[in-house]
Amino acid sequence: MGQRDPGASAPTGCGRVFTVVAFLEAGTWAGLLFGMLLKYVTQTTEVGVQLFGPLHGGAFLAYLAVTIVVAIRLRWPWYATLAALVASVPPLTTIVVEVWLRRTARLRAPATTAFTEPSNRRAC
């Protein structure tokens with residue numbers, strides 16, 4: 001699982017969408033955890049859970065859908081796709097996977113080859 005591009009640059013197209021949704025999923029997870037702290041530990045309010053519960057549910061589903069689309073479009077290997085999908089379960093892990101995918105240049109469109117014409121490729 002070595003690096004594909006040691007000087008990996010910023011994501012483009014689908015990679016940007018993945019980055020935004022990964023951080024959104026992590027942010028709503030953090031909000032939900034804070035809401036659960038307020039509800040169950042301090043027993044002061046349920047507003048945090050009521051607000052961030054549905055937000056996180058939507059962000060979670062969006063993350064799964066975007067991950068599958070981006071994995072197909074950017075031709076991720078199976079292990080990168082699996083890691084990104086599994087990262088949606090533990091809190092804040094989507095950020096860790098996003099950093100790994102960025103550093104290994106998996107958030108950029110694959111380079112064209114002699115068999116692929118740029119006009120035939122779609123990169124989101």
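User: What is the hand of the crossing of helix 1 and helix 4, and what makes it so?
Analyst: The crossing is left-handed. The model is predicted: local features need pLDDT of at least 70, side-chain atom pairs count only at pLDDT 80 or more, and totals for chains, interfaces and linings use all residues. Residues are numbered from 1 along each chain as its sequence is written, and side-chain values use heavy atoms, with hydrogens and water left out.

User: How do you know whether helix 1 and helix 4 are roughly parallel or roughly antiparallel?
Analyst: By the angle between them, about 160°, with the axes 8 Å apart. Axes are lines fitted to C-alpha atoms, for helices over the stretch in contact, and angles run from 0 to 180 degrees between N-to-C directions. Under 35 degrees counts as roughly parallel, over 145 as roughly antiparallel, 65 to 115 as roughly perpendicular, and the rest as oblique. The angle of about 160° is over 145. Therefore helix 1 and helix 4 are roughly antiparallel.

User: What makes helix 1 and helix 2 roughly antiparallel?
Analyst: Helix 1 (residues 14-41) and helix 2 (residues 47-73) pack at about 155°, with their axes 8 Å apart. That angle makes them roughly antiparallel. The crossing of helix 1 and helix 2 is left-handed. By class, their contact has 18 nonpolar, seven polar and three charged residues. Nonpolar covers Ala, Val, Leu, Ile, Met, Phe, Trp, Tyr, Cys and Pro; charged covers Asp, Glu, Lys and Arg; the others, Gly among them, are polar.

User: How many helices and strands are there, and what counts as one?
Analyst: The protein has four helices and zero strands. From the N terminus on, the elements run α-α-α-α. Helices (H or I, at least four residues) and strands (E, at least two) are DSSP runs, numbered from the N terminus.

User: Why is the contact of R102 with E98 called a salt bridge?
Analyst: A salt bridge needs a side-chain nitrogen of Lys or Arg within 4 Å of a carboxyl oxygen of Asp or Glu. In R102 and E98 the closest N and O atoms are 2.8 Å apart. Side chains of opposite charge can pair when their charged atoms come close. A search of the whole structure finds one salt bridge.

User: Where in the chain do R102 and E98 sit?
Analyst: Both lie in helix 4 (residues 93-103), four residues apart, about one turn of the helix. An α-helix has 3.6 residues a turn, so residues three or four places apart point the same way.

User: What puts the buried residues of helix 4 on the same side?
Analyst: The buried residues of helix 4 are T94, V97, E98 and L101. They cover an arc of only 105° around the axis, which puts them on the same side of helix 4. The arc is that of the directions from the helix axis to the C-beta atoms. On the other side, V96 and R103 are exposed.

User: Is Q43 buried or exposed, and what is its phi?
Analyst: Q43 is exposed, at a relative accessible area of 66%. Phi of Q43 is near 50°, a positive value in a residue other than glycine. Q43 lies in the loop between helix 1 and helix 2.

User: What makes A105 count as buried?
Analyst: Its relative accessibility is 9%, so A105 falls under the 20% limit. A105 is found in the segment after helix 4. A105 also has a positive phi, about 60°, although it is not a glycine.

Note on methods: A crossing is left-handed if the near helix is turned anticlockwise from the far one by less than a right angle, and right-handed if clockwise. Buried means under 20% relative accessible area, exposed over 50%, partly exposed in between (1.4 Å probe, protein chains only).
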